[in-house]
Amino acid sequence: MSSRKIDAWVSAGLIDEPTRNRILAYEEAHSRPLALWAIIGIGVLAIGLGVVSVVAANWQDVPGQVRLAIHLALIAALAAFVALRGERLEQEHPWGLEAALFVFGVLGLSFVGHIGQVYQTDSPLWRPLAAWLVLFAPLLLLRGQSWIVALGLMAAAIGTAWEYVSTLAQWTPMGEPDAPWLWMSLVTALPVLIAPAAAWLRERSPREAFWTRLEQLAIAYALVGASLLCVIASAGEVEQDMLAIGPQLLRAVIALVAAGLVVMLHRSQSGTAAAAILAACGVGALLASLFNDLDVLAGLLFMALWVAVAGAALYAGWRGMFQLAVAAVALRLIVLSFELASDLLTSGFGLIIAGLLILGVAWGAVKVSRTFAPPKQDSGEGAA
């Protein structure tokens, strides 16, 4: 922070002179030599690129077992470093710990692929992803703090589930009545249960922010899935296979179970709001199968889902989530208007009406967002 800006605050009467001096002293004590770190980073990057170039040039000449041993040694060394120095690094340089965890995860994922390359194995993608979750996710869960680690774990869980279902679907004829559609739907719905697990752990761990982020990502997964189902229902593609009413009912049950667990494990306004969103996603997924090929009802269901999200955000004070919900409702309202009057864009007069409609809905969305949005929070917004 520049001293000129702080002096401007003093001149405006926002802070007094002693406060100014304390701020400057704090900033000086916690300043980071960005130029020096940039130079160090460039040097480390150059060394790393050089090592990669040397290894890549002689890659085929190195025996596969030797490559795997070197790869495994790097993983073990990094894991030992995080295990032994993780707590101190977390206190002194938290982003250094996150960088080490990220490299550890990448090395682990590439090691699984490296094994397949050396031994010429051919297996579905879900298997190496599942192996990575079993072998490498525990350390990330024990030490992770940032969005990067949480997002990587959630992406791996979702990717494993959907890749498994995709592999299973390749051997299942479309429309087969005896196909394991319920099992496939159960697998793809399981990542939603990360939300109550994270809600339970956040109350029992000093890394509350990390578990909050995992909970937010699980809720986002459920919300995106329910929204997509509403959109698919508008196109009349819900009544088949995994999108039939049976699998949708199973998804709804899992979402409602997750909502109930979140309420029990996190008794607060934010816990109640998170549970309400999960419950709305479950109900929305079930109703989408009933509103198949009903444009208006499916569109209204989409908007009702996001109105419920907006209500939960208001209750918990999540400004960003409320504004996102308002934007989603406004966008779906515009799309629904064009769906109901598909010939609106075929004439100049229709284009004028369409433009006015878009401007009107946008103005209304901004007005609602500014008038009713909760005050901005410093941190923890979302499913906090």
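1. A residue is termed buried here when its relative accessible area is under 20%. By that criterion, both F210 and W211 are buried. The structure under review is a predicted model, and the points below should be read accordingly.

2. Overall composition. The protein chain contains 15 helices and zero strands. It comprises 384 residues, of which 37% count as buried. Among contacts in the chain with a separation of 6 or more, 72% join residues 24 or more positions apart.

3. Packing of α7 against α10. Two packed helices are described by the angle between their axes and the distance between the axes. For helix α7 (residues 147-170) and helix α10 (residues 208-234), the axes come within 9 Å and cross at roughly 40°. The crossing of this pair is right-handed. Helix α7 contributes W147, V149, A150, L151, L153, M154, I158 and W162 to the contact, while α10 contributes F210, R213, L214, Q216, L217, A218 and Y221. By residue class, the contact of α7 with α10 consists of 13 nonpolar residues, one polar and one charged.

4. Aromatic pairs. Four aromatic pairs are found in a search of the whole structure. In one of them, F210 and W211, the ring centres lie 5.1 Å apart and the planes stand at 70°; the pair is therefore edge-to-face, since the angle is over 60 degrees. F210 also belongs to the α10 side of the contact with α7.

5. Surroundings of W211. This residue lies in helix α10. Its relative accessibility is 8%, and W211 therefore counts as buried. Leaving aside residues up to four places away in sequence, W211 touches L141, A198, L201, R202 and S205. With one of these, L201, the C-alpha separation is 6.7 Å, although W211 and L201 are 10 residues apart along the chain.

6. The F302 and W306 pair. A further aromatic pair is formed by F302 and W306, with ring centres 6.4 Å apart and planes at 40°, so the pair is tilted. F302 and W306 are four residues apart in helix α13 (residues 295-316), and therefore about one helical turn separates them. Both F302 and W306 are buried.

7. A charge over the F302 ring. Which residue lies over the face of F302? R332 does, at 6.0 Å from the ring centre.

How values were computed. Residues numbered from 1 in each chain as written. Predicted model: local features only at pLDDT ≥ 70, side-chain atom pairs only at ≥ 80, totals over all residues. Heavy atoms only, no water. Axes fitted to C-alpha atoms, helices over the stretch in contact; angles between N-to-C directions. Helix = DSSP H or I, 4+ residues; strand = E, 2+ residues; numbered from the N terminus. Left-handed = near helix turned anticlockwise from the far one by under 90°. Contact = heavy atoms within 4.5 Å. Nonpolar A, V, L, I, M, F, W, Y, C, P; charged D, E, K, R; others polar. Phe/Tyr/Trp six-rings, centres within 6.5 Å; stacked < 30°, edge-to-face > 60°. Buried < 20%, exposed > 50% of the residue type's maximum accessible area, 1.4 Å probe, protein only. Lys NZ or Arg CZ within 6 Å of the ring centre and 35° of its normal.
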